[in-house]
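Reader: I am new to this structure and would like to learn how to read it. Could we take a few features in turn?

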Amino acid sequence: MTEPLGKDLLGLEPLSAEQIRLILDTAEPFKEVSERAIKKVPTLRGKTIVNLFFESSTRTRISFEFAEKRLSADTVNVAAQDSSVSKGETLVDTARNLEAMRIDMVVIRHGASGAARFLAERIQSNVINAGDGKHEHPTQGLLDLLTIRDKLGRVRGSKVCICGDILHSRVARSNIWGLLKLGAEVAVCGPYSLLPRGIEELGVTIFRRIEEAIEWADVLNVLRLQLERMNAGFIPSLREYYRVFGVTLERLERAPRELLILHPGPMNRGVEIDSRVADGPHSVILHQVTNGVAVRMAVLYLLAGGRPEQAEAAKRGREGAE
Amino acid sequence: MKPMVLRGGRVIDPSSGRDEVADVVIRDGRIVGVGRNQGAPDGADVHDVTGLVVAPGLIDLHTHLREPGQEDRETIATGTAAAAAGGFTAVCSMPNTDPPIDNQSAVGFVVKQAAAAGAARVYPIGAVSLGQKGEQLAEFGELVGAGAVAVSDDGHPVASGQLMRTALEYARAFEIPVADHCEEPTLAAGGVMHEGVVSTRLGLKGIPSVAEEIMVARNILLAGHTGGHVHLCHMSTRGSVELIRRAKEAGLPVTAEACPHHFSLTHEACAGYDTNAKMNPPLREPEDMEAIRRGLRDGTIDAIATDHAPHHYDAKEREFDDAPMGIVGLETALGLSLTLLVEGGHLTLPQLIARMSTVPARIFHLPGGTLAAGHPADVVVFDPAARWTVDVTRFRSKSRNTPFAGWELAGRVVRTIVGGRTVFVGV
């Protein structure tokens, strides 16, 4: 098994359960690297990685950059606003230029669904999708899976409800595929104006009311409600959204069991989530952020040709990937 | 021009119900005789077409020739050459060029360019509104006087109910159809493919079926209200087919067309973000595809039209969201129809010829669509059994944006004749 993931990581939909488990298992030894005083291993020394962000991002970009640097890769960050893209360069020309510079990997964030795949089909470098439009955000899905596994001990059989704006969410899609493949039960909850058509055909249940979702679920993954959705008329007001769909402490207190609360960030406190919930004992939101670096290290390591069974050795500083 | 005899072919002429082995004799650009053992006029070119089909030339009600203004995609010369290669002897050109065909001199330009190109005939369609802006009616009388055969704001649906009503009323004086791209603009806004489980998977904004059906229903009601002839362009949903079926049962002046891609592909073709599967109306669901096929069989859908929409390579080599809508169709329409509709058992060969030639001519009041003696000799000769592979590098069209590259299709065009003159010979 020389390329356990193939050339690229474009989404969780194309991956098998075995491949997803492999990434999560590979992330385990990398968690520890970030706990050390000197947070660095030489695994990707000599590899060059471009972080190509056509959309602004703080959390994901920093998380990838830390993952790359802790693996000793050479990284370059390109933001669309100060690149040739702002001069009208097409994605295909951007791709060709990157190829000509002989880089090893590209991490791409782009506003158009399918953009990561478009790039991957046109260059030989490994491509990692850091979020493409409303399609997928696979490393977010993976870090959510890792967090659920850490906290519940398993993913299989757990009941996970994704709450909020499913229509515009790449996080929702990656979570749905990853959770279903690992054997979780998956539901979505939000106003029907923010649920995409045919979502139930993917194998998820729909809850019309947040109270029903809370009664059913072990885990709530609460999505960010983007403020521009209100301006586009999908919901009447943020105030009403919070009243009808907000994950509040009062609602959680009526739950029949302890719930785990995930949120991919950045949060709108008082819109989709109550601050008392975000900062409370149910919340694993900061644990997600920590896991994000480990999962991204695992993805980079595996795509670079690292052997899963040598990840432990790589962590200890030997060049397991070589 | 030398006389011509097409000897021994299977002559299919839906205008007379003829389907038999016969000879077709052409002289002075007209058909002068059809029957067995016809004598050849002096000096005639005699072509043995045994085993081939001889039919009235195909007529496309919906072609984008892109000239004037978008000649990087297509010109009237390349577009009509593509038409001839696809077995079409006439195409109706849509007015959404740059500038749009919204006045008599613009129509005259298209007519003049088509005459110079000398391949398939071009029947211009004029704009419904000035600049296709959906505000003020274009001068239908002058458009028709210059050669327009219909009016349409295709590419831009007629959003205003009042404008559509007036257009249907005003068009009655000239006995021309108002052809509408049926799309409720607020429901379709920003959509790039059919709204359904595939758009959900891909994270692409969908165009719901109801965006089309609402306007089909509106147009049918307005046709009933005004008595004007509405022609519904590129029907794509099962709901639309059902609405048209009921309208026809009620005897309303409604006709409809469907495109080969809508009876050949479903929204699954978008799954790899293939921009050559991006068109408007979008590829729909299997049930919609089946309804279009059934509609063509029972006559609910009158005609097969290509919506030939050339785009430059660079324009399609982009993110799916940013690529333009549309595919070329003139050179694959007959092959797809023969393969999927005739070999697929939905239509007989004579029914197919009716849908691609005789009926289009009738509903747009065009010459052609017949092999009756005395009519202009617009004829296609094709081998219905020959198989060929779609090779975009051989297209006569300037553009190659098709999702059918590499498909093996039935039906090779052997000869296309316009007004007694051969404009295409297949190799």
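Reader: Which residue caps the N-terminal end of helix 4 of chain B?

Author: This is a predicted model. In it, the cap is Ser160(B), with a side-chain oxygen 3.2 Å from the backbone nitrogen of Gln162(B).

Reader: Which residues of helix 4 of chain B are buried?

Author: First the general idea. An α-helix has 3.6 residues a turn, so residues three or four places apart point the same way. In helix 4 of chain B, residues 161-171, the buried residues are Leu163(B), Met164(B), Ala167(B), Leu168(B) and Ala171(B). They cover an arc of only 130 degrees around the axis, which puts them on the same side of the helix. Their cover includes helix 3 (140-146), strand 10 (178-180), helix 7 (209-226) and strand 13 (230-232) of chain B.

Reader: What are the buried residues of helix 3 of chain A?

Author: They are Leu91(A), Val92(A), Thr94(A), Ala95(A), Leu98(A) and Glu99(A). Seen down the helix axis, these buried residues fall within an arc of 160 degrees, so they line one face of helix 3 of chain A. Strand 1 (48-53), strand 3 (105-110) and helix 4 of chain A are what they pack against. After helix 3 of chain A comes Arg102(A), with a positive phi near 55 degrees.

Reader: How much area do chain A and chain B bury between them?

Author: The size of an interface is often given as the accessible area lost when the parts come together. Here chain A and chain B bury about 1,600 Å², with 55% of it on carbon and sulfur atoms. Chain A gives 23 residues to the contact and chain B gives 16 residues.

Reader: How many salt bridges are there between chain A and chain B?

Author: There are three. One of them joins Glu317(B) to Arg122(A), where the closest N and O atoms are 2.7 Å apart. The two chains also have seven residue pairs in polar contact, both residues being at pLDDT 80 or more.

Reader: Which elements give two or more residues to the side of chain A that touches chain B?

Author: Helix 3 (91-100), helix 4 (115-120) and helix 6 (170-181) of chain A do. Helix 4 of chain A has the largest share, three residues. By type, the residues on this side of chain A are nine nonpolar, six polar and eight charged.

Reader: Is His311(B) buried or exposed?

Author: His311(B) counts as buried, because its relative accessibility is 8% and the cut-off is under 20%. His311(B) sits in the loop between strand 15 (303-304) and helix 11 (313-316) of chain B. Among the residues that His311(B) touches are Arg66(B), Arg73(B), Met325(B) and Asn401(B).

Conventions. Residues numbered from 1 in each chain as written. Chains lettered and ligands numbered in written order. Predicted model: local features only at pLDDT ≥ 70, side-chain atom pairs only at ≥ 80, totals over all residues. Heavy atoms only, no water. Contact = heavy atoms within 4.5 Å. Buried area = accessible area lost by both parts, 1.4 Å probe. Salt bridge = Lys/Arg side-chain N within 4 Å of Asp/Glu carboxyl O. Polar contact = N/O pair within 3.5 Å; in protein donor to acceptor, adjacent residues only side chain to side chain. Helix = DSSP H or I, 4+ residues; strand = E, 2+ residues; numbered from the N terminus. Nonpolar A, V, L, I, M, F, W, Y, C, P; charged D, E, K, R; others polar. Buried < 20%, exposed > 50% of the residue type's maximum accessible area, 1.4 Å probe, protein only. Arc of directions from axis to C-beta.
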